[in-house]
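Q: Please take a close look at the pockets of this model, with attention to the residues that line them.

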Amino acid sequence: TATPLTTMSGHGDSIKGIAYLRGGKRVVSCSNDKTVRIWDMEKGQQEGTSMVHGNWVCGLAVTRDGKRILSGGEDKRIRVWDVETPQPIEEWTSHKGDVNCVLWSLDGSQLFSASHDRTIRCWNSKTGKSIGEPWRGHTDRVYSLSLSPDGTKVASASFDQTVRFWDTRSGNPIGLPLQHASFLYTVDFSPSGEFVTSGGCDRKISIW
């Protein structure tokens, strides 16, 4: 039976997301305790002070250069944090519901977010401004996003029991939704982009 090399404690509630920082020696986590925290894997302890939201933190992403963390949660906001300080840099607001997922474009120029408000938004990562209109089509909260390997499509998974596909440039829907028999929590493109895998409340993993 495998055992963890290191276990780090400090969060006061469920951990909703984890991502490695550049270099692979630190990880960042977000939690229902309303915080985002950076951890030193070699020391096995938290580094610096916690970054605080107004409510549960559900979505987490790190810039490719490793200098910024983006987090989103039940306070309906996306916050941008400086990794080294760690202090808030910006706050992006447009969603009308919980922010469940944040996802970078391949070149880092855009960020995609999914929300309880049933929409997906595309953001200019330099200005923090929402680009165009929200992507509409889902009829219930959107929990998960995945970017195709070539960066041209986003897949989204929703409680409306569908996976939908979107053009990253125009925001237009692509093709027909993939219909499940239950609420969906997660979706992911295969490394080749040929397949999509999804899962949810029916306890099944579906490959499309």
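A: On a 1 Å grid over the protein atoms alone, a pocket is an open set of points where a 1.4 Å probe fits, with protein on both sides within 12 Å along at least five of seven lines, and lining residues have an atom within 4 Å of a point. The model is predicted, so local features need pLDDT of at least 70 and side-chain atom pairs pLDDT 80 or more, whereas totals for chains, interfaces and linings use all residues. Residues are numbered from 1 along each chain as its sequence is written, and side-chain values use heavy atoms, without hydrogens and water.

The second largest pocket is lined by Leu-5, Thr-6, Thr-7, Met-8, His-11, Ile-15, Ile-18, Tyr-20, Val-27, Ser-29, Trp-39 and Met-41. Its volume, the space filled by probe spheres set on grid points joined across faces, edges and corners, is about 320 Å³. Strands are DSSP runs of E with at least two residues, numbered from the N terminus; β1 (15–20) and β2 (26–31) each supply at least two lining residues, and β1 has the largest share, 3 residues.

The largest pocket has a volume of about 440 Å³. Of its 21 lining residues, Asn-100, Cys-101, Tyr-143, Ser-144 and Tyr-185 are the closest to the centre. The elements that give two or more residues to this lining are β9 (99–104), β12 (142–147) and β16 (184–189), and β12 gives the most, with 5 residues. Because domain 1 (12–93) and domain 2 (94–207) both contribute lining residues, the largest pocket lies between them; the domain bounds come from an automatic or database domain assignment.

Definitions and conventions: Helices (H or I, at least four residues) and strands (E, at least two) are DSSP runs, numbered from the N terminus.
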